[in-house]
Amino acid sequence: MSESDRQPGARIQSIDALRGLCVILMVIHHFLLDLVVILDAPEWLFYNPVFNFLHYVFAGCFIMLSGVSSRFSRSNIKRGAKVFAIAMLLTLVTWKIDIIVFGVLHLLGFCMMFYGLTHRFWDRLKGAPAPLIYTALIVLSAIAVNVLDRSNELKWLWPFGLTYSGFSSADYFPIFPWVFVFLLGTWLGELIRDGKLPARFYTFSVPFFPSAGRKALLIYITHQPVLYAVTFGIAYLSGRQVTL
């Protein structure tokens, strides 16, 4: 299916649905954490190898989808500045609670602006080598960050993945290796935008999830206060002692 076969401005339901699924799973994941931390539920409900693995799988998918969407944005710099500003506001709001220093919104805001400024360089990577190059950069940067992080004593490298003793963030997605996951999404987004995927991808429809995907930013910003209210409501109705 070519770009001209779709109506101008028409959204691709598959992208919204997958983003919606990632957001809903994130909400469920955070709700389980609240049950453990606030209601003293069994720790395995949140801290287990399966969830630890899936957390990064779906987070990576969410970040890649943001890269895909960058191919459809009129201005990634403006879009990124808006997201980064919201992320900094969240940092201020959570400063005295459980601070978010460089969470997924900080990362996405940075990646959007970074791609907006450097897209001419990255857009030269086309064809079959492109995903291989991005995958290699993801793996190599992850290894490098892991190795260097063990000896890092500088306190200003945490945005790049190099933390220091005592560093803490409730949500932490540093630039490396995640920026390359985002850039891999921009490569995939070009294929999607140019109609290179099977026609079924562009006509796929499913209820609920696309709507959640279109409201992903709003859900991300508001979900935790709502979950807190639900969790404390459960505690009140069940007469359970809340632990903080």
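Author: The account below begins with the histidine and then turns to aromatic pairs, cysteines, nonpolar cores and salt bridges.

This is a predicted model, in which local features need pLDDT of at least 70 and side-chain atom pairs count only at pLDDT 80 or more, while totals for chains, interfaces and linings use all residues. Residues are numbered from 1 along each chain as its sequence is written, and side-chain values use heavy atoms, with hydrogens and water left out.

His-106 belongs to helix α4, which covers residues 104-122; helices (H or I, at least four residues) and strands (E, at least two) are DSSP runs, numbered from the N terminus. With a relative accessible area of 1%, His-106 is buried. Here buried means under 20% relative accessible area, exposed means over 50%, and partly exposed lies in between (1.4 Å probe, protein chains only). The side chain of His-106 makes a polar contact of 2.8 Å with the side chain of Thr-91. Such a contact is a pair of N or O atoms within 3.5 Å; within protein, one must be able to donate a hydrogen and the other to accept it, and residues adjacent in sequence count only if both atoms are side-chain atoms. A polar atom of the His-106 side chain also lies 3.0 Å from the backbone nitrogen of Gly-103. Leaving aside residues up to four places away in sequence, His-106 touches Phe-84, Ala-87, Met-88, Thr-91, Ile-100 and Val-101, where contact means heavy atoms within 4.5 Å.

Aromatic rings come next. Rings of Phe, Tyr and Trp (its six-membered ring) pair if their centres lie within 6.5 Å; planes under 30 degrees apart count as stacked, over 60 as edge-to-face and the rest as tilted. By this rule the count is 17 aromatic pairs. One of them is the edge-to-face pair of Phe-102 and Trp-158, at 6.3 Å centre to centre and 65 degrees between the planes. Phe-102 sits in the loop between α3 (76-93) and α4, and Trp-158 in the loop between α5 (129-149) and α6 (175-193), so this pair ties together parts that are 56 residues apart in sequence. Phe-102 is buried at a relative accessible area of 6%, whereas Trp-158 is partly exposed at 23%. The rings of Phe-176 and Phe-180 form a tilted pair, because their centres are 5.9 Å apart and their planes stand at 35 degrees. Both residues lie in helix α6, 4 residues apart, or about one turn of the helix. Phe-176 is partly exposed at 29% relative accessibility, while Phe-180 is buried at 10%. One aromatic cluster is formed by Phe-110, Phe-114, Phe-121, Trp-122, Tyr-134, Phe-160, Phe-176 and Phe-180.

As for cysteines, a search of the whole structure finds 0 disulfides, a disulfide being a pair of cysteine sulfur atoms within 2.5 Å. Cys-61 is in no disulfide, and the nearest cysteine sulfur, that of Cys-22, is 3.7 Å away. Cys-111 is likewise in no disulfide, with the nearest cysteine sulfur, that of Cys-61, 15 Å away. Cys-111 is buried, at 0% relative accessible area.

A nonpolar core is a set of buried Ala, Val, Leu, Ile, Met, Phe, Trp, Tyr and Cys residues joined through side-chain atoms within 4.5 Å. The largest one has 36 residues, of which Ile-63, Leu-108, Phe-182 and Leu-183 touch the most other members. Helices α1 (13-38), α2 (49-69), α3, α4, α5, α6 and α9 (216-238) each supply at least two residues of this core, and α6 gives the most, with 9 residues. Among the residues that Phe-182 touches, not counting those up to four places away in sequence, are Ile-63, Leu-108, Cys-111 and Tyr-115.

Finally, a salt bridge is a side-chain nitrogen of Lys or Arg within 4 Å of a carboxyl oxygen of Asp or Glu, and by this rule there are 8 salt bridges. Asp-16 forms one with Arg-19, the closest N and O atoms being 2.9 Å apart. Asp-16 is buried at 2% relative accessibility, and Arg-19 is buried at 9%. Arg-214 also forms a salt bridge with Asp-16, with the closest N and O atoms 3.8 Å apart. Arg-214 lies in helix α8 (residues 209-214) and Asp-16 in helix α1, so this pair ties together parts that are 198 residues apart in sequence.
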